[in-house]
Amino acid sequence: ANLSEDDVVLVLSMAPFAKRSILATKLAAEKKAKVIVITDSHKFPGLAHATEHFIVRSESSNFFSSYLAAMALFETMISMMVSLSGKKADIAISKMEEANKRLEEF
């Protein structure tokens, strides 16, 4: 609700693409936020709203596709942003962690 051109939204969506991830990219773009998409296919509809995007492979030797490469990239990007954001980011993360604990999201 409070997104602006000063914000960055990271979206991770692998096939089959969740409708919520597609809508999130559109909403973020409408709010003029920068939208970085990590996906496994150029077919992801949210790419139309992305400022930047990364296509990562998801094939694995198992029957199921793997999120490992995408999650490693995603976590690296978040870590870099947090390290550049300082104390304000630390406080926001702490508040979110507390809310997640109360919601039993872990």
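**Exercise 1: an isoleucine**

Start with I93, which is found in helix α3, and work out how exposed this residue is.

*Solution.* This is a predicted model, in which local features need pLDDT of at least 70 and side-chain atom pairs pLDDT 80 or more, while totals for chains, interfaces and linings use all residues. Residues are numbered from 1 along each chain as its sequence is written, and side-chain values use heavy atoms, without hydrogens or water.

Step 1. Helices (H or I, at least four residues) and strands (E, at least two) are DSSP runs, numbered from the N terminus. I93 belongs to α3.

Step 2. The relative accessible area of I93 is 34%, so I93 is partly exposed (buried is under 20%, exposed over 50%, partly exposed in between; 1.4 Å probe, protein chains only).

Step 3. Now compare sequence and space: V82 lies 11 residues from I93 in sequence, and their C-alpha atoms are 9.1 Å apart.

**Exercise 2: a serine**

Decide whether S21 is buried or exposed, and list the residues that S21 is in contact with beyond four places in sequence.

*Solution.* Step 1. Look in helix α1, which covers residues 19–30 and holds S21.

Step 1. S21 counts as buried because its relative accessibility is 10%.

Step 2. Set aside the neighbours within four places in sequence, and you are left with V11, S13 and F44 in contact with S21 (contact means heavy atoms within 4.5 Å).

**Exercise 3: the sheet**

*Solution.* Step 1. Reading across the open sheet, you meet β1, β2 and β3 in that order, with parallel pairing (two strands pair if DSSP finds at least two bridges between them).

Step 1. From one strand to the next, the twist averages 15 degrees (axes are lines fitted to C-alpha atoms, for helices over the stretch in contact; angles run from 0 to 180 degrees between N-to-C directions).

Step 2. Take a look at β2, residues 34–39: four bridges join this strand to β3, and the two run parallel. Opposite I36 you will find E52 of β3.
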